[in-house]
Amino acid sequence: MGAAQQSGGAPPCDDVYPGQIHMAKHIVDPMHLSQGFVGHTPPSAMDWAAYQQVQAGGAAQLGHPSPFINYGTHHGQESQSIWRSPGFLGLSFLALCTIAAVLWRFHYDGFYGLVKTGPPPPPQWALDLLPQIGDQDHLKRGECKNPFRQQVEDIFGGTRVEGYPAGTPGDEDFITWNSGKKIEGEFGPVVFSDKAAALRATLIQQGWNHRILYHGTENPFVTSILTGGFLNSDGWHGVGIYATSTFAHSQCYAPGDGESILKLEVYWNPVNQSQYFNHVPHNSLANDVYVIRDPLLVYPVELMRCCPEELTCR
């Protein structure tokens with residue numbers, strides 16, 4: 001044994017216990033032992049015995065610190081510094097925000113909300129119909145018993161007031177038989193048929209404008225209008241669908257309290273509004289009457305009860 005070791009000093013390098021050197025090369029800390037020495041050469045039985053001796057204080061008895069303990073302490077300090085670094089904390093926060101945003105979107109929109117890129121494309125039949133709206137056949141769509149009228153009834157069939165069943169389209173005889181009858185009205189928002197909803201959405205997607213107008217009528221006619229589309233009237237300013245821009249004036253065309261006012265969305269192509277509907281002069285204070293040329297331009301959105309406002313019929 002060397003003189004330095006006999007005098008109690010630190011041993012020279014060649015006097016370090018061989019097991020310590022071998023173990024220091026292969027073992028980072030005790031945790032690696034429990035993990036099967038992944039990435040390291042497993043120690044021999046002699047190395048394991050040496051490791052246990054060092055952990056029990058054998059290294060201290062040899063007069064120098066344990067390389068296992070020192071290495072393990074240094075390794076732990078490096079791990080803590082990584083976890084506490086600003087970069088790691090920033091990335092963790094960003095990951096948590098991303099996960100929270102995805103979960104929120106999934107909760108409100110379902111799986112489709114994660115993958116959708118916009119509204120679904122309009123059906124081809126609706127795109128093909130747009131150029132025909134307001135064309136030379138517009139009057140036929142407002143008259144009964146012809147193929148053009150059947151097209152309108154096919155689109156609006158099933159449209160109804162929310163909470164009420166859909167009715168059936170009426171013709172001139174229906175109007176004659178039911179005019180003046182008193183029945184309870186159906187009031188509330190309108191639920192469109194699938195085709196009416198699709199055509200309305202197509203008009204919006206294709207850049208058509210719309211505005212709100214009102215139409216007063218008798219209660220028995222409401223279900224026929226909703227499920228079959230409007231029929232034309234022959235008024236002072238020609239054939240078409242008459243409506244007003246104010247609710248108050250529309251009350252003049254409903255026969256009393258408890259009768260119906262239809263709130264309408266009326267659409268037109270901004271390229272040529274006059275092809276679709278026009279303001280017409282009216283001998284009243286409101287002077288707000290319009291004539292609409294095609295039933296496919298008119299979408300009732302709500303049934304309102306007459307007559308809470310002061311009448312403006314003159």
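These exercises work through a predicted model, each with a stepwise solution.

**Exercise 1. The chain as a whole**

Task: State how many helices and strands the chain has, and what share of its residues count as buried.

Solution: 
- Start with the secondary structure: there are 14 helices and nine strands.
- Turn to burial. The chain has 314 residues, and 38% of them count as buried.

**Exercise 2. Helix H12**

Task: Find which residues of H12 are buried, and work out how they are placed around the helix axis.

Solution: 
- Take the length. H12 has twelve residues and spans 16 Å from its first C-alpha to its last, close to the 16 Å expected at 1.5 Å a residue.
- List the buried residues: Ala196, Ala198, Leu199, Thr202 and Leu203.
- Look down the axis. The buried residues of H12 fall within an arc of 165°, so they line one face of the helix.
- Recall the geometry. An α-helix has 3.6 residues a turn, so residues three or four places apart point the same way.
- Identify the partners. The buried residues of H12 pack against helices H8 (124-129) and H10 (147-156), and against strands E6 (260-268) and E9 (298-305).
- Step past the end. Just after H12, glycine 207 has a positive phi of about 85°.

**Exercise 3. Alanine 201**

Task: Decide whether alanine 201 is buried, partly exposed or exposed.

Solution: 
- Locate alanine 201: it sits in helix H12, residues 194-205.
- Apply the cut-offs. Buried means under 20% relative accessible area, and exposed means over 50%.
- Alanine 201 has 29% relative accessibility, so it counts as partly exposed.
- Proline 122 is 79 residues away along the chain, yet the two C-alpha atoms are separated by 7.6 Å.

**Exercise 4. Helix H10**

Task: Name the buried residues of H10 and the elements that cover them.

Solution: 
- The buried residues of H10 are Arg149, Val152, Glu153, Ile155 and Phe156.
- They cover an arc of only 160° around the axis, which puts them on the same side of H10.
- Their cover includes H8, helix H9 (138-141), H12, H13 and E9.

**Exercise 5. The largest pocket**

Task: Describe the largest pocket by volume, by lining elements and by residue class.

Solution: 
- The volume is about 730 Å³.
- The lining has 33 residues. Closest to the centre of the pocket are His215, Leu231, Asn232, Ser233 and Tyr242.
- Elements that each supply at least two lining residues include H11 (172-178), E3 (209-217), H13 (222-228), E4 (233-235) and E5 (238-244).
- By class, the lining holds 14 nonpolar, 14 polar and five charged residues.

Key:
Residues are numbered from 1 along each chain as its sequence is written. This is a predicted model: local features need pLDDT of at least 70, side-chain atom pairs count only at pLDDT 80 or more; totals for chains, interfaces and linings use all residues. Side-chain values use heavy atoms; hydrogens and water are left out. On a 1 Å grid over the protein atoms alone, a cavity is a set of points where a 1.4 Å probe fits but cannot get out, and a pocket is an open set with protein on both sides within 12 Å along at least five of seven lines; lining residues have an atom within 4 Å of a point. Grid points are joined across faces, edges and corners, and a volume is the space filled by probe spheres set on the points. Helices (H or I, at least four residues) and strands (E, at least two) are DSSP runs, numbered from the N terminus. Ala, Val, Leu, Ile, Met, Phe, Trp, Tyr, Cys and Pro count as nonpolar, Asp, Glu, Lys and Arg as charged, and the others, Gly among them, as polar. Buried means under 20% relative accessible area, exposed over 50%, partly exposed in between (1.4 Å probe, protein chains only). The expected span of a helix is 1.5 Å times one less than its number of residues. The arc is that of the directions from the helix axis to the C-beta atoms. Contact means heavy atoms within 4.5 Å.
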